[in-house]
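Visitor: I would like to go through this model and ask what each label rests on.
Guide: Go ahead; each answer will set a value against its rule.

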Amino acid sequence: MSPKVLLNLALGILAAIGGFVDIGDLVFNTAAGATFGYQLMWVIPVGVLGIIVYSEMSGRVAAVSGKAVFDAVRERTGFGAGLTALIASEVVNLLTLSAEIGGVAIALQLLSGLPYRVLLALAIVGLAVVLWITQLEWIERIFGYGGLCMLVFAVAAVKLGPNWTQFGKGFIPHISQNNPWLYLYFAIGLLGAAMTPYEVYFYSSGGVEDRWSVQDLGLNRANAIIGYALGGLLSLALMIVGAAVFLRHGINPEHLGTIALGAEQPLGKIGLLLAIVGIFFAVGGASVDTVYSGAYNLAQFLGWEWGRYRHPAGAPRFTMTWLVLLVMAFGIVITGVDPVMVTEYAVIFSAVALPLTYIPILLVANDREYMGANTNGRLANILGVLYLIVILVIAVMAIPLMIITNVGQN
Amino acid sequence: MRWVGLFLAMLALTGCNGGTVGRHALTNDAATIDSINCEAWLLSGAVARNRVTTYYAREQAEELAIQAGNFADALAHRPTAAGLEPRVRAKAKDASKLASRLWRLHDRPTDRDGARTLAATFKQAGSCS
């Protein structure tokens with residue numbers, strides 16, 4: 001690889017680490033640590049491997065066929081099933097976007113002390129302006145590099161001196177004897193947060209926009225494996241902080257600001273500030289990803305012009321879609337609904353919608369007409385089918401568990 | 001359609017904080033009030049040692065105060081299972097005291113001595129470790 005390619009790869013990976021964590025990861029990883037200590041550690045690598053497998057697949061489809069996920073969904077599953085997948089993904093996207101924007105406003109409020117609703121309006125207008133005038137690669141870099149402040153949780157996790165024996169045992173899959181329903185609810189939430197569909201939509205559409213070709217398959221694989229794996233370390237760090245600070249002191253972290261307090265405990269004021277700034281960039285970056293994902297899906301399904309690299313006027317219906325999504329998300333969070341609660345619903349509903357995203361990807365990645373010689377190999381198919389089974393089980397169990405556990409409150 | 005309606009109704013009820021307070025709900029609510037006390041202990045301790053910003057202290061104290069106040073209102077007015085009323089109403093008073101202490105922290109986020117005193121109170125009230 002040339003130095004320029006290596007530099008791009010390194011920058012992409014840095015941005016992926018910073019951009020890996022969203023509000024769903026923040027809420028579920030910390031709450032899981034605060035409730036079950038290190039017992040749910042094993043779920044994080046399972047979720048990270050799942051998103052690696054399917055992102056690599058969707059990136060490969062984009063590179064070889066030039067088609068993003070929803071192009072493939074529509075072509076492979078027909079109009080009816082495609083429409084179902086579209087509606088499900090748009091509902092989940094909108095809920096997630098609302099939660100992320102609420103998270104942006106909360107982070108700004110913790111930094112500035114200004115009223116929440118004013119900051120919500122500022123966040124929406126600010127996002128719209130940034131999306132309108134800033135080139136995408138700069139948006140990704142700004143939020144990705146800013147999100148690197150989240151590494152403060154990794155430093156905090158080490159400094160807290162966790163019980164490494166218990167930490168290691170947490171990687172052995174098991175079912176907790178103490179409140180197994182709640183344990184399963186958190187396991188599903190963690191998987192749903194790690195494998196949230198918008199990441200795959202965004203990733204594959206980005207591949208098409210970056211004009212990936214067969215020559216970029218190595219870059220696709222490296223981005224997916226290294227970026228997501230290193231990003232997953234942040235999830236581990238959040239769970240350690242949850243266990244070492246909140247479980248130890250009997251605290252159930254129900255507010256976004258509480259999570260930042262987990263970094264203050266070992267690192268003081270600078271830890272707190274870095275955590276809040278990191279949360280701001282992480283949820284801000286995720287807002288960009290989700291709003292674009294929503295616009296991609298609709299535009300690809302209906303065959304509209306789409307693209308972040310086009311001037312907004314060059315793809316007017318695509319632009320109008322993300323603007324409308326922003327306004328709708330604002331309409332939801334301005335009611336005063338708790339963004340953390342919206343996050344929990346969004347993650348659980350996304351778990352239900354997972355098969356609608358991942359089944360078509362697996363089908364297309366095995367289609368010789370699309371993929372030629374680059375169809376799935378044996379390993380990709382074994383992992384793909386295994387994860388499909390996991391995803392189907394999750395989809396069936398998610399809502400009953402949400403009801404049984406009273407959205408994780410029991 | 002009937003099943004869809006039933007499902008949506010169950011979904012709507014999920015997470016609601018209404019209805020009669022039974023033993024299980026009281027245990028859950030008491031645990032949450034202890035959790036708020038312990039977070040307030042960490043927060044006020046951090047204020048006392050000048051380890052948080054003024055804005056953070058004020059906003060986080062407000063969030064917790066609102067949450068505690070909601071519990072105080074709900075536990076003071078919701079119907080209770082037979083024999084539980086005295087305990088539920090006592091818990092409502094605990095939540096109300098917690099809320100007013102948090103509002104004090106919210107109003108004086110730079111008062112380090114006051115925060116130190118409050119921290120001790122929160123720790124004791126929540127039996128925090």
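**Labels and their cut-offs**

Visitor: Why is A:E56 called buried?
Guide: A:E56 has a relative accessible area of 10%. Buried means under 20% relative accessible area, exposed over 50%, and partly exposed in between, with a 1.4 Å probe and protein chains only, so A:E56 counts as buried.

Visitor: What are the general conditions?
Guide: This is a predicted model, in which local features need pLDDT of at least 70 and side-chain atom pairs count only at pLDDT 80 or more, while totals for chains, interfaces and linings use all residues. Residues are numbered from 1 along each chain as its sequence is written, chains are lettered from A and ligands numbered from 1 in the order in which they are written, and side-chain values use heavy atoms, with hydrogens and water left out.

Visitor: What makes A:R221 and A:E56 a salt bridge?
Guide: Their side chains meet at 3.7 Å, N to O. A salt bridge is a side-chain nitrogen of Lys or Arg within 4 Å of a carboxyl oxygen of Asp or Glu, so the pair qualifies. A:R221 is in helix 11 (residues 217-249) of chain A and A:E56 in helix 3 (residues 43-65) of chain A, 165 residues apart; helices (H or I, at least four residues) and strands (E, at least two) are DSSP runs numbered from the N terminus.

Visitor: Why is A:R221 called partly exposed?
Guide: The relative accessible area of A:R221 is 45%, so the label is partly exposed.

Visitor: How do you know that B:R78 and B:D29 tie together separate parts of the sequence?
Guide: The side chains of B:R78 and B:D29 form a salt bridge at 3.9 Å, N to O. B:R78 lies in the loop between helix 3 and helix 4 (85-107) of chain B, and B:D29 in helix 2 of chain B, so the bridge joins parts 49 residues apart in sequence. B:R78 is buried at 11% relative accessibility, and B:D29 is buried at 7%.

Visitor: What makes helix 9 of chain A largely enclosed?
Guide: Of its 15 residues, 13 are buried, so helix 9 of chain A is largely enclosed by the rest of the structure. Helix 9 (residues 180-194) of chain A reaches 21 Å from its first C-alpha to its last, close to the 21 Å expected, where the expected span is 1.5 Å times one less than the number of residues.

Visitor: Which residues does A:Q300 contact beyond its neighbours within four places in sequence?
Guide: A:Q300 is in contact with A:A68, A:V69, A:F70, A:D71, A:R74, A:S205 and A:W306, where contact means heavy atoms within 4.5 Å. A:Q300 sits in helix 12 (residues 256-302) of chain A, and its relative accessible area of 2% makes it buried.

Visitor: Why is B:S127 called exposed?
Guide: B:S127 has 64% relative accessibility, so it counts as exposed. B:S127 is in the segment after helix 5 (112-126) of chain B, and has a positive phi of about 50° although it is not a glycine.
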